[in-house]
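Hi there,

Here is the structure I promised to pass on to you. Have a look around it first, and then read my notes below.

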There are 2 protein chains.
Amino acid sequence: MEVTNKYIVIKHHIEDAPKESHFELKTGTFALSVRPGSDDIIVKNLHISIDPYQINRMKSYSSSQNATNFTVPITPGEAVDALAIGKVVASGNAMFEKDDLVMGVFTWAEYSLVKEGSIIKKLESSEFPLSYYLGVLGFSGLTAYAGFFEVCKPQKGEKVFVSAASGSVGSLVGQYAKLMGCYVVGCAGNKKKVELVKEKLGFDDAFDYKEETDLNSTLKRYFPDGIDIYFDNVGGEMLEAAVVNMKAFGRVAVCGVIAEYTDAGKRASPNMLDVVYKRITIGGFLATDFMNVFEDFFAKTSDYLRTGKLKVIEDVSLGVESIPSAFVGLFNGDNIGKKIIKLAEE
Amino acid sequence: MEVTNKYIVIKHHIEDAPKESHFELKTGTFALSVRPGSDDIIVKNLHISIDPYQINRMKSYSSSQNATNFTVPITPGEAVDALAIGKVVASGNAMFEKDDLVMGVFTWAEYSLVKEGSIIKKLESSEFPLSYYLGVLGFSGLTAYAGFFEVCKPQKGEKVFVSAASGSVGSLVGQYAKLMGCYVVGCAGNKKKVELVKEKLGFDDAFDYKEETDLNSTLKRYFPDGIDIYFDNVGGEMLEAAVVNMKAFGRVAVCGVIAEYTDAGKRASPNMLDVVYKRITIGGFLATDFMNVFEDFFAKTSDYLRTGKLKVIEDVSLGVESIPSAFVGLFNGDNIGKKIIKLAEE
């Protein structure tokens with residue numbers, strides 16, 4: 001049986017801020033059966049994760065490319081690959097059979113043709129919504145958990161600053177920090193997000209960075225005694241201001257630098273005198289290096305979800321057609337929480 | 001008994017590159033006996049350590065000031081305090097007596113009047129030249145040792161890059177790295193220094209950064225497979241180029257950023273995409289935080305000196321009058337090795 005498959009490609013490499021016109025919706029015929037003798041697996045995509053780091057894969061060159069299997073360059077004209085959850089439609093691989101729910105690296109498409117290596121895990125029947133395996137119980141969650149606990153090595157009572165605090169990772173970092181007894185302030189890009197961070201997520205405080213004219217003073221106001229831990233999702237001038245306001249032996253975990261992804265001119269110039277004299281550590285990390293804590297992360301986070309201690313914010317758009325605007329929106333701060341595309345019901 | 005005491009002050013705060021005209025040689029009468037009932041100690045200075053970080057204490061404001069007891073601001077018109085070795089001339093303190101050799105925080109002066117708290121240690125008769133206790137066996141040595149072994153956590157065979165490689169700290173870092181089996185390349189500011197680093201200190205290679213037009217390419221040439229450890233003494237564009245050339249999981253120990261001390265416009269803007277995707281750690285440190293390894297450092301380093309495995313480079317000027325030009329010279333790359341002022345024979 002053949003169907004029409006819609007998928008999204010980049011028309012060309014994207015060197016700065018992405019625009020919807022950089023993307024193209026394509027359609028092709030797609031066989032829903034596996035060729036005899038092939039070990040292909042055909043997946044119907046249900047939920048697709050939309051992540052800002054993908055922009056670095058869309059550039060003609062970035063030093064970020066090829067750092068891991070997740071960061072290989074994206075080829076113009078070919079369906080963009082991304083973390084997704086799908087249902088197996090047909091399988092030539094003995095490990096998978098029809099109707100299996102799987103999480104893996106599939107494509108910005110209705111259907112994906114994949115090999116066993118693209119499937120990260122099979123999902124058994126779950127007490128949680130399936131989309132959680134892309135966010136709070138997936139790589140966003142692992143990024144927050146490993147970045148905060150393993151990279152920042154927090155102590156109870158420490159002062160924590162989180163940028164992009166309403167985002168997929170920041171929203172979880174702040175909650176993990178509160179759960180272990182830290183004081184947490186977040187920043188976000190509008191009033192609605194700030195309210196959410198304070199009211200729903202339980203941060204001690206939050207501010208709208210777009211309303212601030214001098215970030216150094218802003219952070220001084222929220223952290224009169226200084227910052228112990230800065231969980232950085234944005235880079236640029238916020239990183240500079242955080243370094244100025246760090247305490248001695250402060251730690252900066254650099255998770256992402258979205259301000260710098262699309263404009264190298266916004267690159268941070270942290271004050272290295274501060275770094276030396278305050279013995280600050282600035283460390284980049286990738287969640288994929290922390291698979292050793294995945295089980296811990298998954299068990300604790302599941303438990304927090306069951307007991308209502310952790311709140312999940314998802315921002316869902318519908319259908320393959322919505323992918324370009326959803327992706328572009330990440331760079332305009334349109335999303336609140338984990339951005340997900342829903343394609344079909346389970 | 002009274003003598004004339006010569007000492008050096010700053011005339012005013014110094015905001016950028018220091019000039020000899022910023023300093024003044026003063027003379028005053030100085031009693032060589034202790035007032036009855038006082039616990040003062042009078043020290044005749046023999047060797048004074050000249051260190052670039054002092055410039056940060058001379059500014060009207062720097063975030064570096066007051067980070068530790070060593071970084072309190074220097075007051076214009078008052079004798080500059082500095083690490084030195086001296087001989088006790090008179091003492092009202094029972095812990096010290098005439099002719100004791102002491103190392104501590106004294107002044108840019110022939111004689112210093114100090115309290116017990118300013119004396120870091122009493123030096124017993126030594127197999128090594130006294131000046132070594134300011135350099136290789138003092139804080140320069142501890143900085144190199146702790147910065148390399150404790151902060152960088154090197155592995156045998158790793159590729160190490162050291163800036164200011166002929167300087168007091170860099171010259172030792174490179175030698176420690178060689179002694180543990182690393183591959184070491186240094187950079188310095190002229191041919192003579194480069195020769196010294198390669199021939200006398202035994203670095204695997206070295207280059208004159210002033211002869212290079214594109215530091216990214218230069219480092220790529222010396223480290224075709226990338227840098228594991230960068231021991232940074234300079235900051236600025238060398239730090240940027242090193243980050244570009246780091247391997248995955250590379251470590252940068254920021255010991256000093258002399259390029260940025262006198263010109264904030266030279267502040268480094270390291271590529272944070274590299275920091276994230278290559279999981280680079282950039283960490284500032286101060287030797288004073290590593291007193292816990294002092295004994296190890298001292299024992300191992302003494303042994304390396306005895307067996308001739310570690311070479312010491314000192315750059316000595318004579319007399320209090322030479323201090324301003326010696327200090328200013330640090331920022332022009334005039335010194336080779338540890339800069340010391342010799343005031344008197346033991």
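Let's start where the two chains meet: 37 residues of chain A are in contact with 37 residues of chain B. Please keep in mind that this is a predicted model. Its scores are ipTM 0.95 and pTM 0.95. For chain A the average pLDDT is 96, and 100% of the residues score at least 70.

**The interface**

How much area is buried between chain A and chain B? It comes to about 3,000 Å², and carbon and sulfur atoms give 61% of that. On the chain A side, the residues that lose the most area to chain B are Met272(A), Leu273(A) and Tyr277(A), which together make up 24% of what that side buries.

There are also polar links to look for. Between chain A and chain B, ten residue pairs are in polar contact. Four elements of chain A each give two or more residues to the side that touches chain B: strand E12 (246-254), helix H7 (258-261), helix H8 (272-277) and strand E13 (281-284). Which of them gives the most? That is H8(A), with six residues. Sorted by type, the residues on this side of chain A divide into 19 nonpolar, twelve polar and six charged.

**Two strands side by side**

Next, find E13(A) and follow it across to the other chain. Three bridges join it to strand E13 of chain B (residues 281-284), and the two strands run antiparallel.

**Salt bridges**

How many salt bridges does the rule find across the interface of chain A and chain B? The count there is two. In a salt bridge with a distance of 2.6 Å, N to O, the side chain of Asp289(A) meets that of Arg279(B).

Over all chains, the count comes to 38 salt bridges. One that is worth a look sits within chain A, where the side chains of Glu127(A) and Arg306(A) meet at 2.9 Å, N to O. Glu127(A) lies in the loop between strand E7 (119-123) and helix H2 (139-152), while Arg306(A) belongs to helix H9 (residues 294-306), so this pair ties together parts of chain A that are 179 residues apart in sequence.

Happy exploring, and write back with any questions!

Best wishes

Key: Residues are numbered from 1 along each chain as its sequence is written. Chains are lettered from A and ligands numbered from 1 in the order in which they are written. This is a predicted model: local features need pLDDT of at least 70, side-chain atom pairs count only at pLDDT 80 or more; totals for chains, interfaces and linings use all residues. Side-chain values use heavy atoms; hydrogens and water are left out. pLDDT is the predictor's confidence in each residue, from 0 to 100. Contact means heavy atoms within 4.5 Å. Buried area is the accessible area (1.4 Å probe) that two parts lose on being put together, summed over both. A salt bridge is a side-chain nitrogen of Lys or Arg within 4 Å of a carboxyl oxygen of Asp or Glu. A polar contact is a pair of N or O atoms within 3.5 Å; within protein, one must be able to donate a hydrogen and the other to accept it, and residues adjacent in sequence count only if both atoms are side-chain atoms. Ala, Val, Leu, Ile, Met, Phe, Trp, Tyr, Cys and Pro count as nonpolar, Asp, Glu, Lys and Arg as charged, and the others, Gly among them, as polar. Two strands pair if DSSP finds at least two bridges between them.
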